[in-house]
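Here are my notes for your review. Please read them with the model open.

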Amino acid sequence: MSDTRRKIMRVLNGETIVPPPLWLMRQAGRYLPEYRETRSKLPSFLDLCYSPDHAVEVTLQPIRRYGFDAAILFSDILVIPDALGRNVRFPEGHGPQMDAIDEDGIRSLNGARVLAHLKPVFEAVRRLRIELPNETTLLGFCGAPWTVATYMIAGHGTSDQAPARLFAYNHPHAFEHLLMLLADISADYLVAQIDAGADALQIFDSWAGVLGEKEFETFAVKPVARMIASVKSRRPQARIIAFAKGAGYLLKDYRGKTRADAIGLDWSVPLRFAAELQKEGPVQGNLDPMRVVAGGRALDDGIDDVLQMLGNGPFIFNLGHGITPQADPDHVSALVERVRGWKG
């Protein structure tokens, strides 16, 4: 099918649509009772990610309920280190954990089996493209090398990713090798998602905001630029959204340096700055997820502010980060109704 009926694809190609299309990061998740029911049937979170039947089901749940303009594959950014043999696990009530890696571990990493390990993910993508409505964009995704590397170095998430920053300063060659290896493996992973039926892709750099200016260039921009160049050299039709959470003013040159088709914006990005970034191409964002939790006037005012500043250019409405488990599903219904009712 051509992109003509898929609104998000039209925006990613530079078109302005009023009202703008919308989807929400983590739109398939714990705030939905149907997700919790499905999740309860499986022993672990990774079992859900690697079960095509269940991954397809939870990906479709928010589409059935809200009719979002995009479905994003249900998976996790840490399937890449899991495929690299780092013993990733998601203990109940805790963040993700894995075996921490050192210099010797980095040297021994072998990506030869990664795509074979991730075959269930590609099967889910294939099924989703068949089962989704024709007008719904299917998004694949992966984590950016910097963000994935932070978990690999520490073995878990931290408040400021100090272990990865310190490792990068003390072992620059090993760290660069890790970032470039992750970039190349992740690019292969994204190409495979496109080949399985994904229409577009998002790269999540969730921990970009802890980096200084020089480090952002080296650890965030360079690997993502390498990934995008690799994907587009093989699949020129691929459209890619790059989301560098917390990068702030450093987003000024991010699109040009990475060659991303659209820039995802977190809720801390000032809307006037967002409008400047939009002059260069499509942007996506950036409602504070806490407004969805609050509902009512706080939600309405936040939606209106974003739409008034960004809605008359190439724009995909989204949150500034993932929807939180405590969000009321009825508040999401109100969000969808208000965005879809906007006249510009």
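Predicted model: local features only at pLDDT ≥ 70, side-chain atom pairs only at ≥ 80, totals over all residues.

Which residue in S6 is the bridge partner of glycine 264? The points below take that up after a word on the model as a whole.

1. Of the 344 residues, 58% count as buried. The chain exposes about 13900 Å², and carbon and sulfur atoms supply 48% of that area. Take the contacts with a separation of 6 or more: residues 24 or more positions apart account for 74% of them.

2. **Secondary structure and sheet.** The chain comes to 17 helices and seven strands. Seven strands form an open sheet, in the order S1-S2-S3-S4-S5-S6-S7, with parallel pairing. Strand S1 (70-72) and strand S7 (315-319) are the edge strands, and each pairs on one side only. Neighbouring strands of the sheet are turned by 25° against each other on average, direction ignored.

3. **From S4 to S6.** The opening question belongs here. Strand S4 (residues 239-244) runs parallel to strand S5 (residues 262-264), and three bridges join them. Isoleucine 241 has alanine 262 in S5 as its bridge partner. S5 in turn runs parallel to S6, with two bridges between them. The partner of glycine 264 is glutamine 284, in S6.

4. Is S6 enclosed or open to the outside? Five of its five residues are buried, so S6 is largely enclosed by the rest of the structure. Helix H16 (residues 296-310) lies across strand S6 (283-287) and S7. H16 runs at about 155° to S6.

5. **Helix H9.** How many residues of helix H9 (residues 145-154) are buried? The count is 10 of the 10, so H9 is largely enclosed by the rest of the structure. The cut-off behind this is under 20% relative accessible area. The buried residues include Trp146, Tyr151, Met152 and Ile153. Pro145 and Ala154 are also among them. Just after H9, glycine 155 takes a positive phi of about 85°.

6. **Annotated spans.** An unreviewed UniProt entry lists residues 21-30 and 139-155 for "domain: Uroporphyrinogen decarboxylase (URO-D)". Residues 21-30 are 0% helix and 0% strand, and the end C-alpha atoms of this span lie 23 Å apart. Over residues 139-155 the chain is 59% helix and 29% strand. The end C-alpha atoms of residues 139-155 are 28 Å apart.

7. **Glutamate 176.** Where is glutamate 176 found? It is in helix H11 (residues 172-196). Glutamate 176 is partly exposed, because its relative accessible area of 37% falls between the limits of 20% and 50%. Tyrosine 189 is 13 residues away along the chain, and the two C-alpha atoms are separated by 20 Å.

Definitions and conventions:
Residues numbered from 1 in each chain as written. Heavy atoms only, no water. Pairing = 2+ DSSP bridges. Helix = DSSP H or I, 4+ residues; strand = E, 2+ residues; numbered from the N terminus. Axes fitted to C-alpha atoms, helices over the stretch in contact; angles between N-to-C directions. Contact = heavy atoms within 4.5 Å. Buried < 20%, exposed > 50% of the residue type's maximum accessible area, 1.4 Å probe, protein only. Areas by Shrake-Rupley, 256 points an atom, 1.4 Å probe, with all protein chains shown as cover. UniProt positions renumbered as here; feature names shortened; annotations may be inferred.
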